[in-house]
Amino acid sequence: MDWTPTISELSGPRYQRIVDAMEADIAAGRLVRGQQLPTQRALAKALGIDLTTVTRAYTEARRRGIMEARVGQGSFVSETSARRAVDLPHPVAIDLSMNVPPHPLEAQLDERIIAGMEAIRAQSGLTAYLNYQPPGGSTHEREVAARWMRARVAHAQADKLLIFPGAQTILFNLLAHLARPGDVVLTEALTFPGIKAAAARLGVKLVGVAMDDGGILPDALAKACRAHRPRAVYLIPTLHNPTTATLSAERRSAVAKIIRDADTTLIEDDAYGLLERSASPIASLIPERTYLATTLSKCIAPALRVAYLVTPDSSAQRDMRTYLQATVQMPPPLMVALVTHWIESGIADRIIAAIRSEAVGRQQLAQRTLRGFQFLARPAAHHLWLRLPEGRPDIAAHLLRNGLAVVAGDAFTVDGAPPHAARVSLGAARNRSELAEALRILVGALQKPADTRQIV
């Protein structure tokens, strides 16, 4: 038997000590993802305890998400701390529509949340964060965030930075600040549905600019700036959503010059930048006219509701603080405190590294499974952009009937005809086994011939 826990030094009921030992051995690397665990009967015999105690321990381990049972194979260390969703709409069994980061066991999120909250409680008490806090974060929280972000944007300073409850709030408030109803904001031809929703609510007109597999085309952007005199340009230059396109250094320089020459403002959505740190934000080239939005939703977890906005100057920071206070008052204080602790202690970078590594592994799995099909992807992206076969408008519906949800191209289209493509979010699967099953369903749908049945 490969694993026998040491429970004599632990406290609590025996079943609880088995689970605690399992968690400790996972954290220490003595148990690794996907490793097969002993049968309940074998473990009971090794520990000299009754079978029902081990059964209860394995049930609790599954509830915590650290162990999974595979029919006909046995029990294994889970690949992830994520639980099966209980509120998926019928008939969805595997949802690859939401672009979220995977949560591998190596990220140790459960343990780090508990330890982080305990550190905050010991330092200042948790109730200190249950009252109103300064809009945009305290001076200390902004200074910590600015130091952390200077690894990517050298001009990040506390007096130019605000902490928001998520990037969507940043985008809505920026559009409200920079544009009026009827004003034009340029985007890539395919863009984040959240900016589309915000613009529609505010009456701002989005105009899509042509792009290729490398991202937005500088010549097309220059032409659109001359034609529309936009109030702002909204771009996702790194791991673009939905295409994963990442602008080259040459294109970033060209885009920066175009925005400067057009005397307009850049809204740079850096949601995925922490996953691909070699790509320097355009904000570094034109800091005086860029609002840089960086969120932890895609590199740690969306429910943290922590995002950072670096503004062009302190005056713009004060303006955006006013908008923040008027709309949502403040970011969630306990979550900001937890993230600040993680950044100061280096834990945030270790979590992001684990999630990035898992994203790479999932992309490699997708590359093998989808060999022969056309798609765009990047090694650390949480998604890929799959070109669907022509003459197959039924694929999305076919996938849904088979329990798999993806997002079709029309959700991202700014104007004109939507591409016959879909975004497949690899991070949404609970583990690689579930992802492999989802990709199997996807390949089956792609290989299925067009339905030629006649209605008579």
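Reply: The protein chain carries 53 positive and 43 negative side chains, and the centres of the two sets lie 2 Å apart. Lys and Arg count as positive and Asp and Glu as negative, with His and the chain ends not counted; each charge is placed at NZ of Lys, CZ of Arg, CG of Asp or CD of Glu. This is a predicted model, in which local features need pLDDT of at least 70 and side-chain atom pairs count only at pLDDT 80 or more, whereas totals for chains, interfaces and linings use all residues. Residues are numbered from 1 along each chain as its sequence is written, and side-chain values use heavy atoms, with hydrogens and water left out.

The protein chain has 14 helices and 17 strands, taken as DSSP runs numbered from the N terminus (helices: H or I, at least four residues; strands: E, at least two). Of its 456 residues, 53% count as buried, that is, under 20% relative accessible area with a 1.4 Å probe, protein chains only.

The sheet in question is open and has 4 strands in the order β13-β14-β17-β16, with antiparallel pairing. Its edge strands are β13 (375-376) and β16 (407-408), each of which pairs on one side only; two strands pair if DSSP finds at least two bridges between them. Strand β14 (residues 383-387) pairs with strand β17 (residues 421-425) in the antiparallel sense over 5 bridges. W385 stands opposite R423 in β17. Strands of a sheet pair through backbone hydrogen bonds, either parallel or antiparallel.

Key: Buried < 20%, exposed > 50% of the residue type's maximum accessible area, 1.4 Å probe, protein only.
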